[in-house]
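Dear colleague,

Please find the structure below, handed over for your reference.

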Amino acid sequence: MTFQNLEYFLAVAKEQNITRAAEQLNISQQALSNQISRLEQEIGAELFNRKHGFELTYAGKILQESASRILDINKQTENIINDITSNNRGELKIGVSHTRGQAILPLLIPEFSKQYPQVSLTVVEDNTRLLEERLEKGSVDVMIGFKPFLLESAKSIDLMKEKLFIVASNSLLKSHFGNDYTKICEQYRENPDLSIFNDMPFVLLKKGDRIRTITDAEFLKAGIHPEISLETGNIQTSFALAAEGIGFAVIPDLYLHSPYLISGNQESGLRHYVTLLPFTSPGNTIAIGYNTDRYLSSFAQAFIDLALKKFERFI
């Protein structure tokens, strides 16, 4: 039994389809089938019920759990040895909130890759809770998500405090408040009161998104029920539609500063069409974290340090 045997076995177990697993592993289906058959002969038990699309047998389920642990221990051991020998080789698996990856990762990965060209990077974008599950199992080494982290063994460090802003098209403001809209906006900045937007349309993120949850809570606190003209799951879409006057949007300041996003491009024509107003909620805290029960490689720590340095102005 080799590490490669176990990797092949886990690929088939995950896909429950030998053709897809072979494609993923970049080997022929016949070669993979032979590997699985030899592994079954060595173990002395069938690992898959082939009558049901490579469904795991009881023996297969036992091996799946053990193989995952064995390969995980092997990977951690490799990282420890590479640190000892200062090879700076290995793999870094980064988990990041799927709504923030596009704004955060372009500011980190290029510089990190220049410093550690021998480190292979894998990025997983998901919601914070699922990223925590991956962090616990070791399928990500470092995660960037919203506080609080609920995993007991997770060590989190504040990366940035998101301030939220209302993105309002100048044309929509003018049609509602008249030519005095700039004066009204200044008064709002001095004393934010959401009630002035009570009958204004909003382009909001879908329910379940953290910003939407915060937005709804603030509207409730202000005792207003704004018109929801449209819902979207994409922050950039909400910004673009707000710029075109479909409705006001609520987005984090990170999206207003990232040069990699249309909303963060100060010279973009869309930025000239909108007025940015502070939202009344303090927003979210985004943290970077790792699992204290697992070995943290030197290059993983270097990635954390780089992230903290890059975003220190957002704290």
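**Cavities in the predicted model**

The second largest cavity has a volume of about 40 Å³, where a cavity is a set of points, on a 1 Å grid over the protein atoms alone, at which a 1.4 Å probe fits but cannot get out. Grid points are joined across faces, edges and corners, and a volume is the space filled by probe spheres set on the points.

This is a predicted model, in which local features need pLDDT of at least 70, side-chain atom pairs count only at pLDDT 80 or more, and totals for chains, interfaces and linings use all residues. Residues are numbered from 1 along each chain as its sequence is written, and side-chain values use heavy atoms, with hydrogens and water left out.

V203, L204, L205, I211, R212, T215, S238, A249 and V250 line the second largest cavity (lining residues have an atom within 4 Å of a point). At least two lining residues each come from strand 8 (201-205), helix 10 (210-222) and strand 10 (249-252); helices (H or I, at least four residues) and strands (E, at least two) are DSSP runs, numbered from the N terminus. By class, this lining has six nonpolar, two polar and one charged residues.

The search of the whole structure finds two cavities of 30 Å³ or more.

Yours sincerely

Key: 1 Å grid on protein atoms, 1.4 Å probe; cavity = no way out; pocket = protein on both sides within 12 Å on 5 of 7 lines; lining within 4 Å. Nonpolar A, V, L, I, M, F, W, Y, C, P; charged D, E, K, R; others polar.
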